[in-house]
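Please keep the sequence and the coordinates open while reading.

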Amino acid sequence: MRQTLAKILEKKQICVIDGSMGTALEHLGANLNNSLWTARVLLDQPELVKKVHLDYFHAGADAGITCSYQATIPGLMANGLSEKEAEDLIVRSVKVFQEARNEWWEKEGKAADRAYPMCLAGIGPYGAYLADGSEYKGHYGIPDAALHDFHQRRAELLWEAGADVLLFETQPSLGEAKIEAAIAERLGADYWISFSCKDGLHINEGDLIRDCAAAFRSGYPRLRALGVNCTKPEYLESLIKELGKETDLPIVVYPNSGETYDPVTKTWNGKGDGHSFKDYARTYMEAGARAVGGCCTTVSEHIVAVAKAREEFLDRQSKA
């Protein structure tokens with residue numbers, strides 16, 4: 001039986017999502033300066049991916065994202081894999097997560113009365129495949145049919161491999177998100193949609209986030225959560241409140257830590273605004289987020305901070 005967000009919320013009230021796969025892999029010595037990004041490590045050093053998952057479980061994560069964001073069939077084939085090898089690697093992202101989850105659960109999680117971690121199958125937008133920062137711009141200029149074909153097989157593989165949720169993340173485009181949602185609905189798969197945003201009101205293609213929420217208000221029975229990720233942390237409080245005006249679904253957020261992405265060097269530069277990640281996480285919970293984690297440039301220490309923020313938030317609620 002697949003784990004659900006509803007079960008985690010029943011046990012923990014707030015779900016802690018894990019942090020960045022890419023930054024954590026870099027901290028383990030992996031080189032991500034290539035078009036496959038984290039998928040290259042999944043191909044060459046899957047033991048490092050497993051270690052990242054384990055580290056996040058230790059840090060307090062109730063849900064983790066598979067190393068599949070950049071693992072696309074055309075991208076992998078362009079780097080020398082056959083179609084079968086590409087499909088097998090996408091499946092591997094779920095299997096590595098499951099191995100880490102089962103190992104941690106038996107050694108630590110069950111005895112500690114933790115929530116059994118949820119496997120979120122990370123599915124990046126078409127812009128991630130382009131490897132030029134387009135997930136922060138959108139406006140790809142390709143037909144809807146091409147977007148459908150791009151996403152269809154990967155979604156099938158990840159769901160059939162046993163992921164608990166298809167996580168369509170870092171979405172700059174409402175139109176692309178609708179195409180992905182239609183695929184998930186036809187598969188009978190539970191899914192989340194998480195947008196990338198350019199400010200406190202708009203997704204990166206320019207639509208209002210509240211209009212995006214309204215677009216999914218009916219006709220999408222398998223949609224289990226809406227949210228925002230890989231967005232500057234100072235924008236999240238406003239975005240959560242805007243989403244809350246148009247949806248009753250749980251709102252999930254996992255921002256980056258405030259830096260700016262350079263698509264040429266595949267690095268993040270600059271500094272955040274000085275606020276602690278724990279304080280931000282607590283603010284998101286107070287604004288109405290039901291699941292909180294971290295995206296690019298966050299590591300296990302950030303997830304420890306989110307778990308601590310949940311403890312403080314729930315303690316304050318109990319005393320109110």
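Strand β6, helix α11 (residues 236-244) and strand β7 form a β-α-β unit that is right-handed. The model is predicted. The unit belongs to an open sheet of eight strands with parallel pairing, in the order β1-β10-β7-β6-β5-β4-β3-β2. The edges are taken by β1 (15-16) and β2 (63-65), each with a single partner strand, so one side of each has no neighbour in the sheet.

- β6 and β7 run parallel and are joined by four bridges.
- Within this pair, N229 has Y254 in β7 as its bridge partner.
- Strand β7 (residues 251-254) is covered on both faces: I251 and V253 are buried on one side, and V252 and Y254 are buried on the other.
- β7 also runs parallel to β10, with two bridges between them; V253 has V292 in β10 as its bridge partner.
- Strand β10 (residues 291-292) in turn pairs with β1 in the parallel sense, over two bridges.
- C15 has A291 in β10 as its bridge partner.

**β3, β4 and β5**

- β3 and β4 run parallel and are joined by four bridges, and I123 stands opposite F168 in β4.
- Strand β5 (residues 191-195) pairs with β4 in the parallel sense, also over four bridges.
- In this pairing, L167 stands opposite W192 in β5.
- The chain passes from β4 to β5 through helix α9 (residues 174-187), and this β-α-β crossover is right-handed.
- Seven of the seven residues of β4 are buried, which leaves the strand mostly covered.
- Helix α8 (residues 144-160) lies across β3 (118-123) and β4 (165-171), and runs at about 165° to β3.

**Nonpolar core**

- In soluble globular proteins, nonpolar side chains tend to be buried together.
- Here the largest nonpolar core has 110 residues.
- The residues with the most contacts inside this core are L166, W192, I193 and F195.
- Helix α6 (residues 83-109) supplies the largest share of the core, nine residues.

**N229**

- Where does N229 lie? N229 is in strand β6 (residues 223-229).
- Is N229 buried or exposed? Its relative accessibility is 0%, and buried means under 20%, so N229 counts as buried.
- The N229 side chain makes a polar contact with the side chain of S194, at 2.8 Å.
- Not counting residues up to four places away in sequence, N229 touches E169, T170, S194, F195, S196, Y254 and C295.
- Among these residues is Y254, which is also the bridge partner of N229 in β7.

**S93**

- S93 is found in helix α6.
- Its relative accessible area is 0%, so S93 is buried.
- Which residues are in contact with S93, leaving aside neighbours within four places in sequence? They are L42, T66, C67, S68 and L158.
- Y69 and S93 are 24 residues apart in sequence, and their C-alpha atoms are 9.6 Å apart in space.

Notes: Residues numbered from 1 in each chain as written. Predicted model: local features only at pLDDT ≥ 70, side-chain atom pairs only at ≥ 80, totals over all residues. Heavy atoms only, no water. Core = buried A, V, L, I, M, F, W, Y, C linked by side-chain atoms within 4.5 Å. Buried < 20%, exposed > 50% of the residue type's maximum accessible area, 1.4 Å probe, protein only. Pairing = 2+ DSSP bridges. Contact = heavy atoms within 4.5 Å. Axes fitted to C-alpha atoms, helices over the stretch in contact; angles between N-to-C directions. Right-handed = clockwise from strand over helix to strand, strands pointing away. Polar contact = N/O pair within 3.5 Å; in protein donor to acceptor, adjacent residues only side chain to side chain.
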